[in-house]
Every structure is written in structure tokens, then in C-alpha cells.
Amino acid sequence: MHAPIVAVYGATGHTGNFVVRELEHRGIRSVSIGRAAPEPAHAEGAVEWRFAACDAPDALDAALRETSVVINCAGPFPDTAPALIEAALRAGIHYLDITAEQRTARQSLATYHDEAMARGTVVLPAMAFFGGLADLLAADVARGMQAVESIDVAVALDYWHPTRGTRKTGDRNSARRMVVANGQLTPLPQPSKTHEWNFPEPFGMQEVAAVPLSEIVTIHRHIAARNVHSYLNVAPLRDIHDAKTPAPTASDASGRSSQRFVMDVRARAGDAQSRITASGIDIYAVTAPLVVEACLRILGHPPASGGAYAPAELFDAEDFLSALAPHLEITRSRDVAAVA
């Protein structure tokens, strides 16, 4: 049996480059796919390059030939996800992406589940820092809780230097953001007010705003929580709204920036309250081990049935998070009297 080959679409991008490096680190052969020929600096050292625009089905089919799975790192995902998923389904291979957009994740899960099930392949959107990590943390913190009243996800960044892809996606994504209220996906009330959140050190008390992303969609699929909300501290929002904020720059040999993050997830059911936090360096860089770990688990132990899934529907959250120990510091506080 041949060793699996992982296609990385958008390999010339900032996060795609991290994904290719992580696959190489894990000893997995990859094929780098770009929408156009890469700059020479990107092409050096790549095992194989292929090229296909997402609006060219025949070229996509050729680019995915002989691969076992494709990881889509190319935004804006409203444009690339449908084309890549359909190409993956035609090829009979698994599909993962790193979208943070709610509408894209929701459409991928709803539209392609039946066909993926019929073909015995997996469609796994939002397997990234925004989306996948929060989904796994929520599943972990809510484990064993009955009648979950609320799950709240709050992220603190010390700064945010956005990639070109982040900016393009932000410009492209005009969909109304959704939260879970009274058990239903509901448009985020406007205007949205800020409030304070007490994060673990080194962040402490921060002003946060409601910024619901793809984790709302994925958590709602498999946790029957009455209310699900997510927040981001205000300072990095100012960074990404400022056109003069630079792109991320490397601060170590791995290419990571110095950006620090903490994701703080809290669940409440009656009088029981639990909390889990994940902290680390560089939200773009940490997406690579997240999506690559998911990819290798699907290849090594494919689910009994194909289909479109949220991360915690496929993986045991606690076990998956443990595998990320080199990249994330996890802290749990279960059944505490108060976590606010």
C-alpha cells in the first residue's frame, strides 16, 4: 500500500507554508498546489508543485491526482471551499480547511454531508485556531455536563498583524454573524456592546467585543447548549482595522511571530461551571499542527462513515488536545464555584 500524499492548496500563503512545513516535520509527503506559479523563494525545497485555479475544475482534478487528502489553506473560503470540496469528492479523497467564516463552514457541513457519506470520505471545515480549537476545547470543558446553559469562548491576543489572506477574507465576508441563543442559531444583536473578561495572565482583565466565528457553527452541531457566544479582546481588532498594520514577521527559526494568545472557554450547567484555557504563540503557526494532526488521524483511523463533520464529532477532544502539547499549554478548572 502506498504512503498517503497530502495536497496543500494555497501552499504559497502564510499559513499554507506552515502546514507544508508541519507535514514535512511529521514525515508526510505533500504536494503544494498554488493558484498561480509561486515566487522562487516559495518553490525552493518543495517536493512537488502543481497549479490550478479554483474556477478550473479540470485543472483541480489534475492537481489532486494520486493524493489522499487535500488541506485548503486558500482564502477567501467562500470562493475556494465549494470548488475544492467538489474536486475532492470527484477524486474520492478527504477534504479539510481552515476557514473562520461562519457561512462557509455552515454551507460546507450542510451541503456536502450526504455526498461525502456516499463516497466514504470526510469533509472537515474550520480545522484551525478559529473554529477547530474552540470546538475541541468546548467539547472537553462540557464533557459530562447535562443541560448546558452556556458556552462562552473568549480569545485574547497581545497584537494581530494580519496576513494578506486575512484582509482579503475580511473584505469578502459580509454575512451577518450568528450566535446561539435559546438553542437556535440567531443573528448577533446589533449594536453589540463590549464588556470585560478576566483572562489568565499575562492578559488579565480585558475589554472584549462579540466576534462570533466558525466555532459557533461547529459547537452548535454537537453540543446542545442553550447559548453559545464568542469574544475577542478589543486591542487586536484595532490592529486589523488599521490598514497600516503590517503583515506578520518571523521572530524565531520556525517562522513564528512573537504574538501571544490565550483561548478561554467556559461552560455552565445549573450550578456547575467549568473552564479550560489554551495558550501559545502565533495563531497562524498553531493552525498547522491542528489541521495536520486532524489530517493524519483521518488517514490513520478513518471514521466508520464518511460525511461532513465538526472537529469534535470526529475526535476525542481530550486526546486530541493532549497530542498538541508541544504547541499549546492547556489548563482545566472543572466544577468550580465561579470562573468569571
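Helix axes in this tour are lines fitted to C-alpha atoms over the stretch in contact, and their angles run from 0 to 180 degrees between N-to-C directions. Helices (H or I, at least four residues) and strands (E, at least two) are DSSP runs numbered from the N terminus. The model is predicted, so that local features need pLDDT of at least 70 and side-chain atom pairs count only at pLDDT 80 or more, while totals for chains, interfaces and linings use all residues. Residues are numbered from 1 along each chain as its sequence is written, and side-chain values use heavy atoms, with hydrogens and water left out.

**Stop 1: α5 and α9**

Begin by selecting residues 102-111, helix α5, together with residues 214-222, helix α9; their axes come within 7 Å and cross at roughly 35°. This crossing is right-handed, a term for the case in which the near helix is turned clockwise from the far one by less than a right angle, anticlockwise being left-handed. Show side chains for Gln102, Ala105, Arg106 and Leu109 in α5, which meet Ser214, Ile216, Val217 and Arg221 in α9, where contact means heavy atoms within 4.5 Å. By class, these contact residues divide into four nonpolar, two polar and two charged; Ala, Val, Leu, Ile, Met, Phe, Trp, Tyr, Cys and Pro count as nonpolar, Asp, Glu, Lys and Arg as charged, and the others, Gly among them, as polar.

**Stop 2: α7 against α9**

On the α7 side, pick out Phe130, Gly131, Ala134, Asp135, Ala138 and Ala139, which meet Ser214, Glu215, Thr218, Ile219 and His222 of α9. The contact of α7 with α9 has five nonpolar, four polar and two charged residues.

**Stop 3: the cavity**

Next, select Phe130, Val155, Val211, Leu213 and Glu215, which lie nearest the centre of the largest cavity among its 13 lining residues. A cavity is a set of points, on a 1 Å grid over the protein atoms alone, where a 1.4 Å probe fits but cannot get out, and lining residues have an atom within 4 Å of a point. About 70 Å³ of space lies in this cavity, the volume being the space filled by probe spheres set on grid points that are joined across faces, edges and corners. Two or more lining residues come from each of α7 (129-141), β7 (150-157) and β12 (227-233), and α7 gives the largest share, four residues. The lining divides into 10 nonpolar, two polar and one charged residue.

**Stop 4: α1 and α11**

Now select residues 14-25 for α1 and residues 283-300 for α11, whose axes come within 8 Å and cross at roughly 45°. The two helices are therefore oblique to each other, the word for angles that are not under 35 degrees (roughly parallel), over 145 (roughly antiparallel) or 65 to 115 (roughly perpendicular). α1 passes α11 in a right-handed crossing, and the α1 residues His14, Thr15, Phe18, Val19, Glu22 and Leu23 meet Tyr284, Ala285, Thr287, Ala288, Pro289, Val291 and Val292 of α11.

**Stop 5: backbone details in loops**

Finally, display the backbone at Pro76, in the loop between β4 (69-72) and α4 (77-91), where the peptide bond from Gly75 is cis with omega near -5°. Move to Pro191, in the loop between β9 (184-187) and β10 (195-198); the bond from Gln190 to Pro191 is cis, with omega near 0°. End at Ala126, between β6 (122-124) and α7, a residue other than glycine whose phi is positive, near 65°.

Methods: 1 Å grid on protein atoms, 1.4 Å probe; cavity = no way out; pocket = protein on both sides within 12 Å on 5 of 7 lines; lining within 4 Å.
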